[in-house]
Each structure stands twice: as structure tokens, then as C-alpha cells.
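I opened my notebook to look up a few things in this structure. Come along and check each entry as I go.

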Amino acid sequence: MQADPPAAAGPVLSLDGIVKTFPGVRALDGVRLQLHAGQVTALIGENGAGKSTIVKLLTGIYQPDEGQIRVDGRPVTFPTAQAAGRAGVTAIHQETVLFDELTVAENIFIGHAPRTRLGLIDRRAMRDRAGDILRSIGADLDPAARLRDLGIASRHLVAIARALSIDARVVIMDEPTAALSHKEIAELYDLVETLKAQGKAILFISHKFDEIFRIADRWTVFRDGQFVGEGMMADVTEAELVNLMVGRSVDQIFPKRPARIGAPLLTVAGYCHPTEFEDITFTLHAGEILGFYGLVGAGRSEVMQSLFGITQPSKGACRIEGQVRVVRTTAQAVEAGIVYVPEDRGRQGAVKGLPIFQNVTLPSLARTSRAGFLRLAEEFALARDYTQRLDLRAASLDQDIALLSGGNQQKVVIAKWLATKPRVIILDEPTKGIDIGSKAAVHDFMSELAAEGLAVIMVSSEIPEVLGMSDRVFVMREGRLAAEFTGTAMTPENLVRAAVGLDRQREGEAA
Amino acid sequence: MTLLKSREAILALAIMALLVLIASRFPAFVAPANLARVFTDTSPLILLALGQMAVILTKCIDLSVAANLALCGMVAALMNGAGVPLPLILLTVIALGAALGAFNGVLVWALGIPSIVVTLGTMTIYRGSIFLMTDGAWVNAHQMSAGFKAFPRQVILGLPVMAWIAVLAVALVALLMTRTPLGRAFLAVGGNPHAAVYTGISVGRTQFAAFVLSGALAGLTGYLWVARYAVAYVDIASGFELDVVAACVIGGIAIAGGSGSVAGAVLGALFLGIIKNALPVVGISPFWQMAISGAAILLAIAFNAMSRREPGRIILKRAEVRT
């Protein structure tokens, strides 16, 4: 069992020329990836590089449009999650998929429980084997305990035990340390070592450079759905990896028009939230576009939502033109002149079933009604004004918003907020998932708003967009403002270094 | 939008077809005087369906309406026995009904309990309160004043007051739905609660308002019911809440919220009312009547589900990718 010459000779699992497209997006464009037995391969890339898509391809959730997946050199396909499991590929997800009401043993063996001769589940064998597996990874858990009584770290152990129970040869760990404490992370590293010793090939997806350098043997970098490079960790430096991650010029054309930056409009001082963010302080000027960059989960949207009254900060003050404004509800935010165009338009933006014009006027009904009664003609006129400004393509404003394309729905949602005549507009990932043409229109429009003296905050994970559109950029990391960049300091490298915490690490090493 | 309109048009056509079918066997049924009688008989169902529609639009359900009706009806009867003048009784039952609805609404809003659980509980509480008030005793016709009993039956312009009240309520709720921010909020909250929050509409407060409306209408109907049938006891209108929900469902009010109209609720109630009145006339047993109502509900739901499916959408997306 120890001697394993065939596996040592080549990768256990290899992907070649994988292409996967979604409407309007080429998520993966001819990527390759190789995983070797007994080694940890780190997959590195920015948000949107295609890491999650790879995980879904390997676990049978998506099918590649082109390209070849090979296990031990033999071509395979994973039409279902079960097929991937049978081939020995298993994933431990960011939010681990487990069942709260079942026991540890049941969670480990769900779908492939040992059976008695009568075809019933052999509970004793299941418990015993679960106990064996848990012991083999050094987990001190009672197989009969209910999952809901366990903490997040124990759940990870159960997920890993589940992976081992199906005799996995390839283990995918997608940001496994994101929700763990320092002690739990150390235990996870030990576990990764155990899995390596057992000869598993491990794909480790992480944003954190310190842990990549600590536990990975090999690296692969993706950028914008393309394979950029691979190699051994021993032969690479942090700086080289960062360059590979961002290595592109800002070649897309952004129609940023120079706007006169005016007086301070919005001042946020010491905003804190018990669990999401801490000590957020910044000033936003009229006519300015302020970019907020960071990794997914850095707390950018959460800060914006509290500025907009969706959640309440535990501490801190918000001033508009020097006057303190208490924003506890969205209605108060709108009144104070702050509006927020959310990232998830389907869930948070468009009210399907209502016609376009009624979607536009939803937050402005106080203005379009008289003595408590709506005036439809007035609503229609307001909606027409703003949708025309955004060049909305719709047969009629009386049409259900659900019938519009994603880009046009985005325009309706933006029109809805502009119709409230705001002074600060917060756009959360304004061009995510929309086609190139609509993107240009949204960028153009942002420029126009700034030129009119509005203050714009743009939360974006796309570096070219952030650099192309912003006058200034804040980078958030783990719920804090990590850095501020202006002028020539606004480079892709600086943004990424601040977002992944490289600079902070340096300081730590120096001290 | 055209889909919604057509759904109501289809229901109207179904009602016409039903009337033609009944008329072919029993022509007297469609005489204007009899149709007016059927409408009057259906008025309580219409009144409650209007309130239930608002509640269902906001993704809730109010199972306590019939119990609310019975409690308010009993209070009206007792107040009449104590010699309270009718206008004051009317105001009291509307306010009491609204308060009972508000109690439902507060539990849903502040505590976030699912409305089906809340109203299942309050339904029993409201019925139980009637028993506590009366020890199970009935208030019979001879204990009610003549004016109290006569008011709903008074005929104005060919229709009794009870029917006019239903017409007025339909008009007012239609106005509320199409011409006020609250009506818009009912649709927005049910259509997309997340978006409603981001727009500054409080989901809980909107649901609360729907429960208050439903309760107030139930309270008013409580008086009408007791006065018309000239009797009040613990079990009046027992099980009526299911007829009310059925009327809404048949009328195309989406049980998932956010979609539906006043016209739909009224037509749904009329459909049930016509079946209930026609079957005995045609000589079909009341058990068939229940089966027919049940079949109508299933048909309505199947129709709604089918009209919501979007055929070919996924295939089209794939085609888009290939090109």
C-alpha cells in the first residue's frame, strides 16, 4: 500500500483545456490543473478567476463545454456528484454541506451507509466505522452526537471524515480556514499533513498567502478564467505570485470624465459593527468616485448596508455636509440623500410582478402621491424621465420588470434610486454579470453623475474597473479599512497586496 | 400584466358558463331578483376575501377570520341586548375586529412567528373567548331588537344594505390597492421582500396593516352575519375561514404572495357563492358541493402553476451560449 509507483509517476487528477461558459461570461478558458498524490496544490487567483467554477466541475455540479478530465491518465466525466464521488473526488466546501439534525456517523455515511443483509442501515457498523475514521484523523468526536451541537471546527472534521469515508483520493478544500480561529486553523494544518501522509491529492483554495506558503507544495494561478502558470512553492516568491495574479495592464477603456471634486459631502467616523466591521472612517467629496476594493467577504457590502440603514452600526457617526444624520432605516437614508444599489439585483432590487414604472417609483411614492393617494400619471412621468436618461430598452413602462434582460433590470434599479434625487449614490458591484455594452453604459453614467456633483461610492471586485473609474480607492480587509490609494499609488499590485494582507505580514516580520 | 388580466377574464368566463349551465336546467336561477339574492348571500364571503387577499399578498395567511367574525358578532349581539345604539355597535365591532387583527399582526411582525401558526392559535383563543363571555349560551332572535336585525336587510335601490356594504368595501379596497402607497406596498412586500426592505418599505409593518384590514372587515361582517341569521353562538361561521382562503385561491391570488387583484378575490368569492346557492336548487347533495369547490381550488392552483412556468427559457440560454 505504501509503495505507489504509478501515482508517483503522474498526477492523480489532471484537467486540460477546460472551457466553461455562461451567458455573457467565459468563466474558464482552456485552463489546466494537476493534482499529485500526497501533495497539496494551492489554487490562487482573484475574485472571479474561476476557482469556484473549477470546484463545481470537479464535483460534478457543472460539466465542461470542452476539455478533458483525467484520473490516473484515463479520461473520465463527472455527469453527477455521485460520479465524482465514485471516482474518489470530494470537496469540503466554504459552507460545509451537512445535516444539522443527523448524528456525526449519519452525516459521514449519508448516501453510502453500510447495510445489513436485509438492506437496512447497519447502525452499529456505521458507528464503528465512523469512529475508526474520526480516530484516524485525530478527531475526538462521538459518532452518536448530533451535528447541531458541534462547533464549526468540529463540523469541518466531520466533513473531512465524510470525504475519507468514500475512500477519496482527491480532496478539495475551498477556503477551509475562512471561519476558523487560530487554534482551529493549526489543527486543520495538522489534518492536512495527515491527509498528505495518507497519499491524498489535495487542492487547496485560499486567499491567504501565509497559509499557502505554509502548507502547499505546488501552486497554480488562474486569472480571469485563464491558466497563468504553475510550479513548486519552493521556487516562487510572494511578489512573483502577486504579479501572476494581477499581471495585466488596465487596457479596458473607461470613459472617466474629469469631474471637479468639491467640498466634503459625506463623513463617516468610527463606524463599527459587532461582527462585520470595525473603525470605518472616511470622507467622500461631491463629484468624487470612491472605489472600495477587497476580497469577497472583506465587509465592503456590510459597511454600505449600514450606511443605508439596512443594518445598524453599534458605534460611529455619519455626517452629511457637516450635519449629523441618524440613519437607522432605509427611509431615513433616502431622506438624508443616501441611496444604495445592491449587488444582488434579483433578490434585493427588482420587484418582479410589478410593472417597470412602479418599480421605479417605489421609494418615491411620497413625492408622487397627494393626500395619501397615488397619482399614476405623475409616477409614469417620473419613471419615463429617469429610464430615458439611462437609455432603457423596454417595449412599455407598463411591462412587468421580470421580462427585461439583466442589464436593463439593472438600469431600472438605478433609475429607481436616481428618482429619489440622492446626493450620495452607492453602487455595489454595478457591472457584475452584465454584458460589455451595458457595462460601458453604466460606467459612462457613473461619470456623468459625478460630473453633476453627486458623490459616488463604487464597491467593485474588478481591478480594472476600480482603477479605471475611481478618483481614490479604499481597500478593505477582514472588516477594516486596510489601505487608501490615490494617484500613481493606484496600481493592481498595491490593491492586491493590501487586500490579501501581504503588507501587514511584512510589518509583522519586521517587528 | 396581460396575464393577470386574462386570469380574471377566464374566471369571469367560467362564472358565465356556470350560470348558463345552471339556467339550462333551472332558468329561474338567473332571474335578476335571484341573482341579487345570491350576491347578498355571498357578501360575507366577499368582505372576508378582500381582507384575506391583502394578507395573502404579503405572504401571510389569516385563519382566524371566522373566529374573529364570531367573536365580534357575539359582542354586537350582547351590546344590542344592553341597549347600545346601532351606530355605536357598528363602530365597536369594526374597532374590535381591527384590534383582533392587530394582535395577529403584532405577533407576526414583532416576534416573527409564521402567520399560519399565529392565526391557528388566535383562532382558538377568539372562539374560546366567546364561550367565556357567554358560558356557551345562545343569543336568539327574540333577544335582538328589531332595528338590529332589520338593518342589513333594508332594501335600497333594489339591493339590501348588506350587499351595498360589500359593494362599498370592494370599491374602497380597490382604491386602496391601486391608488395608495399601502396597496403598492402589499404587492411589493409579497413580490420581493428583500427588495422591499432595500426600498424603505417595512415588511412587518405592511403585514401588520394587512392583518388589521382583514380583522376590521371580519368584525364588520360579524355584525352583519349575526343580524342576518338572527342568532349568535360560539360556533357560527365555523370553518368559514377555509371558504375565504378558497375564494382567494380560486380568484388567482398567489399563495406565495405578491400577485393577485381585488377583481380576482371578488370573482373567486362569487364563483363559490354561485355553486353553493345553485347546487341545492339543481338538486345536488351538499357533499358534491364540497367536492366541486375542492376541484375548483385544485384547478385554479394548477392553472396558476402552469401560467407561471416559463417554457424553453433554459434551452434558450444554452443556445445563446453556443452561438
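This is a predicted model: local features need pLDDT of at least 70, side-chain atom pairs count only at pLDDT 80 or more; totals for chains, interfaces and linings use all residues.

**Entry 1: domains of chain A**

I found domain 1 at 13–246, domain 2 at 249–337 + 422–511, and domain 3 at 350–421. Then I looked up how far apart the C-alpha centres of domain 1 and domain 3 of chain A lie, and I noted 45 Å.

**Entry 2: a sheet in chain A**

Next I traced a sheet in chain A. I saw an open sheet of four strands, in the order β12-β11-β14-β15, with antiparallel pairing. Why is one side of β12 and of β15 of chain A left without a neighbour in the sheet? I wrote down that β12 (280–285) and β15 (323–324) of chain A stand at the edges and each have a single partner strand, so one side of each has no neighbour there. As a reminder to myself, strands of a sheet pair through backbone hydrogen bonds.

I then picked one pair to follow. Strand β11 (residues 264–272) and strand β14 (residues 315–320) of chain A are antiparallel and share five bridges. Which residue stands opposite Val268(A) in β14(A)? I found Cys318(A) there.

**Entry 3: where the chains touch**

I moved on to the contacts between the chains. On one side I have 20 residues of chain B, and they are in contact with 28 residues of chain A. The elements of chain B that give two or more residues to its side are α8 (181–191), α9 (193–198) and α14 (313–322). Of these, α8(B) gives the most, with five residues. By class, I noted eight nonpolar, eight polar and four charged residues on the side of chain B that touches chain A.

**Entry 4: the nonpolar core**

How many residues does the largest nonpolar core have? I wrote down 250, and the ones with the most contacts inside it are Ile426(A), Val456(A), Ala49(B) and Leu50(B). Helix α10 (residues 203–229) of chain B gives the most to this core, with 15 residues.

Leaving out residues up to four places away in sequence, Leu50(B) touches Ala169(B), Val170(B), Val173(B), Leu217(B), Val262(B) and Ala265(B).

**Entry 5: confidence**

Last, I checked the scores. Chain B averages a pLDDT of 89, and 93% of the residues score at least 70. Over residues 310–323 of chain B, though, the pLDDT is below 50, and this stretch has four contacts in the model beyond near neighbours in sequence.

Note on methods. Residues are numbered from 1 along each chain as its sequence is written. Chains are lettered from A and ligands numbered from 1 in the order in which they are written. Domain bounds come from an automatic or database domain assignment. Two residues are in contact if their C-beta atoms, placed from the backbone, lie within 7 Å. Ala, Val, Leu, Ile, Met, Phe, Trp, Tyr, Cys and Pro count as nonpolar, Asp, Glu, Lys and Arg as charged, and the others, Gly among them, as polar. A nonpolar core is a set of buried Ala, Val, Leu, Ile, Met, Phe, Trp, Tyr and Cys residues joined through C-beta atoms within 7 Å. A residue is buried if 20 or more other C-beta atoms lie within 10 Å of its own, exposed if 12 or fewer, and partly exposed in between; C-beta atoms are placed from the backbone. Two strands pair if DSSP finds at least two bridges between them. pLDDT is the predictor's confidence in each residue, from 0 to 100.
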